[in-house]
Amino acid sequence: MPDDKGDWLPEEREKILKWFNENTTPKECTFCGTRAWTLGGSAGLLPCLGGRNILLGPTIPVVLVFCSKCAHIEFFSPVLMKLLTDESTTTDASKKVPAETEVASGQ
Ligand SMILES: [Zn+2]
């Protein structure tokens with residue numbers, strides 16, 4: 001569970017990076033073609049529309065991975081990474097923009 005500012009704890013960052021190393025092969029960015037990916041420093045939240053007020057509606061926690069060259073963003077589920085449980089997720093949408101950690105680089 002991220003800290004009260006929404007930042008991933010160091011052990012969570014390690015677990016996320018380990019998960020990426022074990023479960024993915026860095027792909028080229030679909031927009032710019034580089035393989036320079038950066039892990040976002042905090043959990044992201046995606047609003048779920050479902051016909052409700054987008055600001056007060058439910059959200060889905062996400063791990064954000066940014067293309068370091070063109071800023072394209074990819075989303076991964078921390079629940080499926082077993083980093084968060086469905087019960088531990090939050091609907092607080094006031095998380096700050098993350099510091100970043102490089103997960104892969106190339107080109
Ligand atoms: Zn890119």
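Pro47 is found in strand S2, where strands are DSSP runs of E with at least two residues and helices are DSSP runs of H or I with at least four residues, both numbered from the N terminus. This is a predicted model, in which local features need pLDDT of at least 70 and side-chain atom pairs count only at pLDDT 80 or more, while totals for chains, interfaces and linings use all residues. Residues are numbered from 1 along each chain as its sequence is written.

Pro47 counts as partly exposed because it has 16 C-beta neighbours inside 10 Å; a residue is buried if 20 or more other C-beta atoms lie within 10 Å of its own, exposed if 12 or fewer, and partly exposed in between, with the C-beta atoms placed from the backbone. Across from Pro47 stands Thr59 in S3, and although these two residues are twelve residues apart along the chain, their C-alpha atoms are separated by 4.3 Å.

**The strands and their pairing**

The chain contains one helix and five strands, and from the N terminus on its elements follow the order α-β-β-β-β-β. Two strands are said to pair if DSSP finds at least two bridges between them, and strand S3 (residues 59–67) takes part in each of the pairings in the table.

| Strand pair | Sense | Bridges |
|---|---|---|
| S1 (residues 37–40) and S3 (residues 59–67) | antiparallel | three bridges |
| S2 (residues 44–47) and S3 | antiparallel | four bridges |
| S3 and S4 (residues 73–76) | antiparallel | four bridges |

Individual residues show how these pairings are built: Thr38 has Phe66 in S3 as its bridge partner, while Val65 stands opposite Glu74 in S4. S3 and S4 form a hairpin with five residues between them, and Ala71 is found in the loop between these two strands.

Lys82 is found in the loop between S4 and strand S5 (100–104), and Lys82 counts as exposed because 10 other C-beta atoms lie within 10 Å.

**Buried residues and the core**

Buried residues make up 22% of the 107 residues in the chain. A nonpolar core is a set of buried Ala, Val, Leu, Ile, Met, Phe, Trp, Tyr and Cys residues joined through C-beta atoms within 7 Å. The largest nonpolar core has 13 residues, and of these Ile16, Val63, Leu64, Val65, Phe66 and Cys67 touch the most other members. S1 and S3 each supply at least two residues of this core, and S3 gives the most to it, with five residues.

Leaving aside residues up to four places away in sequence, Pro78 touches Ala43, Pro61, Val63, Leu83 and Leu84, where two residues are in contact if their C-beta atoms, placed from the backbone, lie within 7 Å.

Trp8 is found in the segment before helix H1 (10–23), and Trp8 is buried because 24 other C-beta atoms lie within 10 Å. The C-alpha atoms of Trp8 and Gly41 are separated by 6.1 Å, even though these residues are 33 residues apart along the chain. For the chain as a whole, residues 24 or more positions apart account for 67% of the contacts with a separation of 6 or more.

**Confidence in the model**

The mean pLDDT of the chain is 78, and 66% of its residues reach 70 or more, pLDDT being the predictor's confidence in each residue, from 0 to 100. Over residues 90–99 the pLDDT is below 50, and this stretch has 19 contacts in the model beyond near neighbours in sequence. Where pLDDT is low, the predicted coordinates should not be read in detail.
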